[in-house]
Amino acid sequence: MATTDTSENDNDKSVQNGTDYDVVVAGGGPVGLFLAGELRLGGATVLVVERLAEVDETIKAGGINTAGAVSLYRRGLLPDLAAAWERNRWRMRAFLGDRDGEGSDAPPAPPKFAGHFAGIMMRGDLFDDSDPAFADIGPADGVGLGVPQVELERILGARAERLGVEVRRGVELTGFDADDGVGDGVAVHLDGGDTVRTGWLVGCDGGRSTVRKLAGFDFPGTEPEITGYQAVVEMSGGERLGVGWNTTDVGTYVNGPFPGRILTVEFDGPPADRSAPVTAGELQAALRRVSGVAEVTVHEVHSSTRFTDNARQASGYRKGRVLLAGDAAHVHSPFGGQGLNLGLGDAMNLGWKLAAVVRGLAPDSLLDSYTAERHPIGAWVLDWTRAQIAVMRPDRHARALRRVVTDLALTTTGTTYLVKQISGVWQRYQLPGEHPLTGRSAPDLELSDGTRLGDRLHAGRAVLLDLADDPKLRARAEGYGDRVDVVTAACPGRPELTGLLVRPDGFVAWAADGADGNDRGDDLDDSLTRWFVAA
């Protein structure tokens, strides 16, 4: 697919002389497509190369957390996400309704879902949604639950097309030439003998990233100890299986939340060959071993994948003009559904920064903040998944620990803590400033003009909110052109706030309360200079 429509972005010409594209993104999955869209919003020309000729239908991530959904909402994609959620929610309702023997045209909705930790399900009635961490999330809250990765990829692919991103499917990156320093560009070699010149190369090409390997990024971590399967199958005897997550003496298996979806985990080391086709016999044997149900038979495999708990992270996300995002930068087990959301956060953080560098509106040192901000989040996710592996092991010590964790999880405090971690609302970047909002994802403020803050971020630009009609505050943003939108409006729901500078990724760079807006004017100047002044 090659697209040229730039109706949502008029800046269509590369500013880097001698290059074909400002940025080449290797990998056309959700992270690569989302990043490409962010780059186009910032005015960069982008080529995405994806080795697969069609969207990958393999079953993968089954949901988007709050942080991920908020990112998509801030780019105007909430209606698409909500439509995908409704389609998938019906499928889950039908499965649970049939298992309850209802057989009606409108089966009952599943119980309130708040996530799981190592297969220990959170009870929705124990979740305290009045916790301050969940305040002012806005309409994106909960919308992404149950949206499959393949549907998200289609949503982001359609957005990339609207923005004028060129996507070449069935094309694989085979190599590239780039200096360790910033140099003057990268020569990207594609299969078939083609070479394209680009200012920057970003590897979004998955856990076995070619870009990462060829660039020589360090990739330290911990060795795998499990073999897992996830699949959608046709099977008989499934009515003998427990619904949802089930722990046995051998390992863990999952049945649902829609018909034919199964998952197994065994602590017998990693598979000998992760790339070999997964057969019906292989899935059946694993399911029988873990569940203890000898009568279950797998007849046909519609979609399947193997996985392990290999947990690794690049020491840095940039080497000269080559960067990494998503699974190319970090890999881990899929438990808790963190990987896709982590990658979306990488793309949201990197896109506006790299676009600013490309356009000459920021020094390339701005990209140092990408690793500084995102690497700690990735390290936390790796440890979060490692902790789940520790609780899932079948040995007596781990099972004793699991009982303790289960008891804690089945309390309001425990459930709310776990949901906060799973949802991503805890995330904060270490930015200069003393205000409690600084470095956090901005609250989705309802403004007196009838809009919300999230509505103001669709164009991918920073927003300076003047909430006290202060001309001195607005004057500080003069000269920033199309990089910072100034909005003057009241916020009745948060009367203590007088000003807020929100970066294009939705994170607060500066905030002021009460009468201290002018007193902290120098801090605002510093923040504007730090993020938006040209080199």
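I began at the hairpin. Strand β21 (residues 497–502) is joined to β22 by five bridges, and the two run antiparallel. I take two strands as paired if DSSP finds at least two bridges between them. Helices (H or I, at least four residues) and strands (E, at least two) are DSSP runs, numbered from the N terminus. Val502 stands opposite Val508 in β22. Five residues lie between β21 and β22 in this hairpin. In the turn, Gly506 has a positive phi of about 90 degrees. I then looked up the cover of β22 (residues 508–513): five of its six residues are buried. Buried means under 20% relative accessible area, exposed over 50%, and partly exposed in between (1.4 Å probe, protein chains only).

A note on the source. This is a predicted model, where local features need pLDDT of at least 70 and side-chain atom pairs count only at pLDDT 80 or more, while totals for chains, interfaces and linings use all residues. Residues are numbered from 1 along each chain as its sequence is written, and side-chain values use heavy atoms, with hydrogens and water left out.

**Overall counts**

I counted elements next. The protein has 13 helices and 22 strands. Of its 535 residues, 55% count as buried. I also checked contacts, meaning heavy atoms within 4.5 Å. Among contacts with a separation of 6 or more, residues 24 or more positions apart account for 73%.

Gly221 has Arg312 in β15 as its bridge partner.

**Helix α8 against α9**

I followed α8 to its next neighbour. The axes of α8 and helix α9 (residues 396–409) come within 7 Å and cross at roughly 115 degrees. That makes α8 roughly perpendicular to α9. The classes I use: under 35 degrees is roughly parallel, over 145 roughly antiparallel, 65 to 115 roughly perpendicular, and the rest oblique. From α8, Ala390, Val391 and Met392 meet Ala398, Arg399, Leu401, Arg402 and Val405 in α9. By class, this contact has six nonpolar, no polar and two charged residues. Ala, Val, Leu, Ile, Met, Phe, Trp, Tyr, Cys and Pro count as nonpolar, Asp, Glu, Lys and Arg as charged, and the others, Gly among them, as polar.

Thr252 touches Met392, and its other contacts include Trp245, Leu263 and Val290, not counting residues up to four places away in sequence. Thr252 is found in strand β12. At 1% relative accessibility, Thr252 counts as buried.

**Helix α1 against α7**

Helix α1 (residues 30–41) and helix α7 (residues 339–358) pack at about 25 degrees, with their axes 8 Å apart. That makes α1 roughly parallel to α7. The crossing of α1 and α7 is right-handed. A crossing is right-handed if the near helix is turned clockwise from the far one by less than a right angle, and left-handed if anticlockwise. Among the residues in this contact are Phe34, Leu35 and Glu38 of α1, and Leu344, Ala347 and Met348 of α7. The contact of α1 with α7 divides into 12 nonpolar, two polar and one charged.

Most residues other than glycine have a negative phi, and most peptide bonds are trans.

- Gly256 and Pro257 are joined by a cis peptide bond, with omega about 15 degrees. Pro257 sits in the loop between β12 (251–255) and β13 (261–266).
- Ala118 has a positive phi, near 55 degrees. It lies in the loop between β3 (113–117) and β4 (120–123). Ala118 is buried, at 1% relative accessible area.
- Asp469 has a positive phi too, near 50 degrees. Its place is the loop between β19 (462–466) and α11 (471–475). Asp469 is exposed, at 54% relative accessible area.

Terms used
Axes are lines fitted to C-alpha atoms, for helices over the stretch in contact, and angles run from 0 to 180 degrees between N-to-C directions.
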